[in-house]
Amino acid sequence: MSKLFFFDIDGTLWDENMVIPESTIPTLKKLQEKGHKIFLCSGRSKGNIRSKELISIGFDGIVAACGCHVEVDRQVIYENILSANLTERVIRILADCRMPVVLEGPEYHWIDKEGFKEDPYILYLFQELGKSAKPLTEYSSDMRVNKFSADVLPDTDYERVKRELGDEFDFLEHVGNVVEFVPKGNSKATGIAKVCEYLHVNREDTYAVGDSVNDLDMLNYVGHGIAMGNATEPAKEAAEYITTDIHEDGIRHAMEHYGLIS
């Protein structure tokens, strides 16, 4: 019976330098050869998944933007777009609270370049995304935004942000004072559920591999949740199985552990 496999990108499929371990791609290909389907499952929006090496692997679909964008065989089966009114409110509140933001959409990113100043990740976004990365000053009401991320700075009024936006968004707090804001009712788990429903696959026949805070829901939801050896402690606690580090062929060892490849 065909099973579904969902893989986080950062810290799971590739490391902090966007290097994919040698053993990973052959492992994914073996899963497909056995009739299983493999999916990207990322906090990154579709507009920020552009690596030719990653895309050329040939995934059967994608759960992007923490479940706000779901594709199967290149067909979008679900999309959550923030309303213009809510997006404008977010921009206003975060500016007032001194919290620089990246608005993340299926085609473009809008970035508070001045607020982030010389943040290396922001420089990377402009370099990697090219024309798809736009300054926040180019905001217009027809922007298609799935979710957003922002930095907590020393003078950020984060408590006010939580008060003002807590009814609409879940706050996923990462190391390094980065916060992902995901519209309530959306997560990697809800995205996986939509794929299962679309393909008529039971939840028990799903596997997910991840390493961080935005993976907790999916690790708890799937039939078999797998945490990388380099995962955060909460991710390890949520997982059914903890594999080896990304630099120690973690994905390959996980699939061998479950007898899925040899």
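1. The side chain of Arg44 has a polar atom 3.1 Å from the backbone oxygen of Asn48. A polar contact of 3.5 Å also joins the side chain of Arg44 to that of Tyr124. A polar contact here is a pair of N or O atoms within 3.5 Å; within protein, one must be able to donate a hydrogen and the other to accept it, and residues adjacent in sequence count only if both atoms are side-chain atoms.

2. The model is predicted: local features need pLDDT of at least 70, side-chain atom pairs count only at pLDDT 80 or more, and totals for chains, interfaces and linings use all residues. Residues are numbered from 1 along each chain as its sequence is written, and side-chain values use heavy atoms, with hydrogens and water left out.

3. Arg44 is placed in the loop between β2 and α2; helices (H or I, at least four residues) and strands (E, at least two) are DSSP runs, numbered from the N terminus. Arg44 counts as buried because its relative accessibility is 11%, where buried means under 20% relative accessible area, exposed over 50% and partly exposed in between (1.4 Å probe, protein chains only). Beyond its neighbours within four places in sequence, Arg44 is in contact (heavy atoms within 4.5 Å) with residues including Trp14, Ala65 and Tyr124.

4. Lys52 belongs to helix α2, residues 52–55. Is Lys52 buried or exposed? Lys52 counts as exposed, because its relative accessibility is 73%.

5. Ala65, one of the contacts of Arg44, lies in the loop between β3 (61–64) and β4 (69–72), and Cys66 is found in the loop between β3 and β4 as well. Phi is near 55 degrees in Ala65, a positive value in a residue other than glycine, and Cys66 likewise has a positive phi near 55 degrees. Most residues other than glycine have a negative phi. Both are buried: Ala65 has a relative accessible area of 0% and Cys66 one of 2%.

6. The structure holds zero disulfides, a disulfide being a pair of cysteine sulfur atoms within 2.5 Å. Cys41 is buried, with a relative accessible area of 0%.

7. In helix α1 (residues 24–33), the residues Thr24, Thr27, Leu28 and Leu31 are buried. They lie on the same side of α1, because they cover an arc of only 95 degrees around the axis; the arc is that of the directions from the helix axis to the C-beta atoms. The buried residues of α1 pack against β1 (4–7), β2 (37–41) and α10 (250–257).

8. Eleven aromatic pairs are found in a search of the whole structure. Rings of Phe, Tyr and Trp (its six-membered ring) pair if their centres lie within 6.5 Å; planes under 30 degrees apart count as stacked, over 60 as edge-to-face and the rest as tilted. Tyr207 and Tyr258 form an edge-to-face pair, because their ring centres are 5.3 Å apart and their planes stand at 80 degrees. Tyr207 lies in strand β12 (residues 206–210) and Tyr258 in the segment after α10, so the pair ties together parts that are 51 residues apart in sequence. Tyr207 and Tyr258 are both buried.
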